[in-house]
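Let's take a friendly walk along a pair of neighbouring elements. Have the model open and follow along as we go.

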Amino acid sequence: MLINLFLSFFKIGIFGYGGGYAMLPLIEREVVITNPWLTSSEFLDIIGISQMTPGPISINTATFVGYRIGGFLGSVFATVGVVSFSFILVSIATHYILKFKNSKILKNALMGMRPALIGLIISAFISLASKSYLDFKSIIIGVIILLVSLKSKLHPILVIVLSGVLGTVFYGVL
(Lines give C-alpha, C1' and ligand atoms only; values in the text may rest on other atoms or scores of the structure.)
Protein backbone atom coordinates (compact mmCIF):
# COMPACT_ATOMS: atom_id res chain seq x y z
CA MET A 1 0.00 0.00 0.00
CA LEU A 2 2.85 2.42 0.80
CA ILE A 3 4.43 1.85 -2.62
CA ASN A 4 1.04 2.41 -4.27
CA LEU A 5 0.64 5.70 -2.38
CA PHE A 6 4.13 6.80 -3.40
CA LEU A 7 3.63 5.87 -7.06
CA SER A 8 0.18 7.48 -7.30
CA PHE A 9 1.39 10.75 -5.89
CA PHE A 10 4.66 10.54 -7.83
CA LYS A 11 2.49 10.39 -10.98
CA ILE A 12 0.58 13.46 -9.79
CA GLY A 13 3.90 15.20 -9.19
CA ILE A 14 5.15 14.31 -12.68
CA PHE A 15 2.09 15.34 -14.65
CA GLY A 16 0.83 18.09 -12.36
CA TYR A 17 2.45 20.98 -14.18
CA GLY A 18 0.92 24.32 -13.28
CA GLY A 19 0.42 23.70 -9.60
CA GLY A 20 -2.66 23.89 -7.38
CA TYR A 21 -5.84 24.34 -9.34
CA ALA A 22 -4.39 23.04 -12.58
CA MET A 23 -3.59 19.77 -10.78
CA LEU A 24 -7.05 19.25 -9.31
CA PRO A 25 -8.48 17.12 -12.16
CA LEU A 26 -5.46 14.80 -12.00
CA ILE A 27 -5.56 14.56 -8.21
CA GLU A 28 -9.28 13.88 -8.27
CA ARG A 29 -8.92 11.15 -10.88
CA GLU A 30 -6.13 9.50 -8.93
CA VAL A 31 -7.61 9.60 -5.40
CA VAL A 32 -11.34 9.34 -6.14
CA ILE A 33 -11.64 7.28 -9.35
CA THR A 34 -8.48 5.21 -9.96
CA ASN A 35 -7.81 4.52 -6.28
CA PRO A 36 -11.08 5.11 -4.41
CA TRP A 37 -9.33 6.46 -1.34
CA LEU A 38 -11.76 9.40 -1.03
CA THR A 39 -15.35 10.04 -2.01
CA SER A 40 -16.16 13.08 -4.17
CA SER A 41 -17.52 14.83 -1.09
CA GLU A 42 -14.35 14.11 0.91
CA PHE A 43 -12.26 15.39 -2.00
CA LEU A 44 -14.17 18.70 -1.94
CA ASP A 45 -13.57 18.90 1.81
CA ILE A 46 -9.83 18.40 1.24
CA ILE A 47 -9.79 21.30 -1.22
CA GLY A 48 -11.55 23.51 1.32
CA ILE A 49 -9.14 22.52 4.07
CA SER A 50 -6.18 23.03 1.72
CA GLN A 51 -7.28 26.62 1.17
CA MET A 52 -7.14 27.27 4.91
CA THR A 53 -3.86 25.51 5.63
CA PRO A 54 -0.42 26.57 4.47
CA GLY A 55 1.13 24.71 1.56
CA PRO A 56 0.16 23.57 -1.89
CA ILE A 57 -3.02 21.59 -2.51
CA SER A 58 -1.06 18.61 -3.85
CA ILE A 59 1.08 18.33 -0.73
CA ASN A 60 -1.87 18.82 1.63
CA THR A 61 -3.87 16.21 -0.28
CA ALA A 62 -0.96 13.76 -0.36
CA THR A 63 -0.39 14.15 3.37
CA PHE A 64 -4.08 13.74 4.23
CA VAL A 65 -4.76 10.80 1.89
CA GLY A 66 -1.51 9.10 2.88
CA TYR A 67 -2.33 9.43 6.57
CA ARG A 68 -5.86 8.16 6.01
CA ILE A 69 -4.69 5.12 4.05
CA GLY A 70 -1.41 4.26 5.77
CA GLY A 71 -1.07 6.33 8.91
CA PHE A 72 2.08 8.35 9.53
CA LEU A 73 4.19 6.28 7.10
CA GLY A 74 1.48 6.61 4.46
CA SER A 75 1.56 10.39 4.77
CA VAL A 76 5.36 10.38 4.44
CA PHE A 77 5.32 8.12 1.36
CA ALA A 78 2.55 10.09 -0.38
CA THR A 79 4.11 13.48 0.41
CA VAL A 80 7.59 12.41 -0.68
CA GLY A 81 6.02 10.92 -3.82
CA VAL A 82 4.33 14.16 -4.85
CA VAL A 83 7.43 16.33 -4.35
CA SER A 84 10.15 13.95 -5.60
CA PHE A 85 9.86 14.59 -9.32
CA SER A 86 9.69 18.36 -8.87
CA PHE A 87 12.72 18.31 -6.62
CA ILE A 88 14.74 16.25 -9.11
CA LEU A 89 13.54 18.28 -12.09
CA VAL A 90 14.19 21.66 -10.48
CA SER A 91 17.63 20.55 -9.36
CA ILE A 92 18.57 19.58 -12.92
CA ALA A 93 16.67 22.32 -14.75
CA THR A 94 18.00 25.23 -12.71
CA HIS A 95 21.40 24.89 -14.32
CA TYR A 96 19.98 24.91 -17.85
CA ILE A 97 17.39 27.60 -17.27
CA LEU A 98 20.05 29.94 -15.97
CA LYS A 99 22.29 29.04 -18.89
CA PHE A 100 19.57 29.66 -21.49
CA LYS A 101 17.52 32.34 -19.69
CA ASN A 102 17.76 34.66 -22.71
CA SER A 103 16.79 31.96 -25.21
CA LYS A 104 13.85 32.91 -27.42
CA ILE A 105 12.89 29.21 -27.72
CA LEU A 106 12.62 28.82 -23.94
CA LYS A 107 10.62 32.04 -23.59
CA ASN A 108 8.24 30.98 -26.40
CA ALA A 109 7.77 27.49 -24.91
CA LEU A 110 6.83 28.99 -21.54
CA MET A 111 4.45 31.45 -23.23
CA GLY A 112 2.80 28.53 -25.04
CA MET A 113 2.16 26.74 -21.75
CA ARG A 114 0.15 29.61 -20.25
CA PRO A 115 -3.07 29.01 -22.23
CA ALA A 116 -2.91 25.30 -21.40
CA LEU A 117 -2.71 26.14 -17.69
CA ILE A 118 -5.74 28.41 -17.95
CA GLY A 119 -7.61 25.54 -19.64
CA LEU A 120 -6.70 23.19 -16.79
CA ILE A 121 -7.81 25.74 -14.20
CA ILE A 122 -11.15 26.22 -16.02
CA SER A 123 -11.54 22.43 -16.14
CA ALA A 124 -10.97 22.23 -12.39
CA PHE A 125 -13.49 25.04 -11.84
CA ILE A 126 -16.16 23.26 -13.89
CA SER A 127 -15.54 19.98 -12.08
CA LEU A 128 -15.73 21.62 -8.64
CA ALA A 129 -18.65 23.89 -9.55
CA SER A 130 -20.78 20.99 -10.72
CA LYS A 131 -20.38 19.40 -7.29
CA SER A 132 -20.50 22.61 -5.20
CA TYR A 133 -23.33 24.66 -6.68
CA LEU A 134 -26.14 22.35 -5.69
CA ASP A 135 -28.83 24.89 -4.85
CA PHE A 136 -29.75 28.55 -5.22
CA LYS A 137 -28.10 29.52 -1.92
CA SER A 138 -24.71 28.18 -3.01
CA ILE A 139 -24.98 30.06 -6.31
CA ILE A 140 -25.75 33.31 -4.44
CA ILE A 141 -22.74 32.78 -2.14
CA GLY A 142 -20.52 32.07 -5.15
CA VAL A 143 -21.65 35.21 -6.99
CA ILE A 144 -21.19 37.39 -3.88
CA ILE A 145 -17.68 36.04 -3.30
CA LEU A 146 -16.80 36.47 -6.99
CA LEU A 147 -17.94 40.11 -6.92
CA VAL A 148 -16.12 40.83 -3.65
CA SER A 149 -12.95 39.21 -5.03
CA LEU A 150 -13.07 41.17 -8.28
CA LYS A 151 -14.21 44.54 -6.92
CA SER A 152 -12.33 44.83 -3.63
CA LYS A 153 -8.80 44.62 -2.42
CA LEU A 154 -9.71 42.28 0.44
CA HIS A 155 -7.05 39.81 1.43
CA PRO A 156 -7.92 36.24 0.26
CA ILE A 157 -8.09 35.06 3.87
CA LEU A 158 -10.81 37.64 4.59
CA VAL A 159 -12.68 36.50 1.48
CA ILE A 160 -12.56 32.91 2.76
CA VAL A 161 -13.81 34.07 6.17
CA LEU A 162 -16.59 36.01 4.42
CA SER A 163 -17.60 32.88 2.50
CA GLY A 164 -17.78 30.95 5.78
CA VAL A 165 -19.93 33.67 7.34
CA LEU A 166 -22.22 33.69 4.29
CA GLY A 167 -22.48 29.90 4.45
CA THR A 168 -23.43 30.05 8.11
CA VAL A 169 -26.02 32.76 7.48
CA PHE A 170 -27.54 31.15 4.40
CA TYR A 171 -27.54 27.56 5.63
CA GLY A 172 -27.84 28.16 9.35
CA VAL A 173 -30.53 30.85 9.45
CA LEU A 174 -32.52 30.85 6.21
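In helix 6, the buried residues (under 20% relative accessible area, with a 1.4 Å probe and protein chains only) are Ser138, Ile141, Gly142, Ile145 and Val148. Looking down the axis of helix 6, you will find these buried residues within an arc of 130°, so they line one face of the helix; the arc is taken from the directions that run from the helix axis to the C-beta atoms. The face turned away from that buried side carries Phe136, Leu150 and Lys151, which are exposed (over 50%).

A word on the source: this is a predicted model, in which local features need pLDDT of at least 70 and side-chain atom pairs count only at pLDDT 80 or more, while totals for chains, interfaces and linings use all residues. Residues are numbered from 1 along each chain as its sequence is written, and side-chain values use heavy atoms, leaving out hydrogens and water.

What covers the buried residues of helix 6? The cover includes helix 5 (104-132) and helix 7 (156-172), where contact means heavy atoms within 4.5 Å. Helices here are DSSP runs of H or I with at least four residues, numbered from the N terminus.

Now move on to helix 7, where Val159, Leu166, Gly167 and Phe170 are buried. Seen down the axis of helix 7, its buried residues fall within an arc of 105°, so they too line one face of their helix. The buried residues of helix 7 pack against helix 6. On the face of helix 7 turned away from its buried side sit the exposed residues Ile157, Thr168 and Gly172.

Terms used
Helix = DSSP H or I, 4+ residues; strand = E, 2+ residues; numbered from the N terminus.
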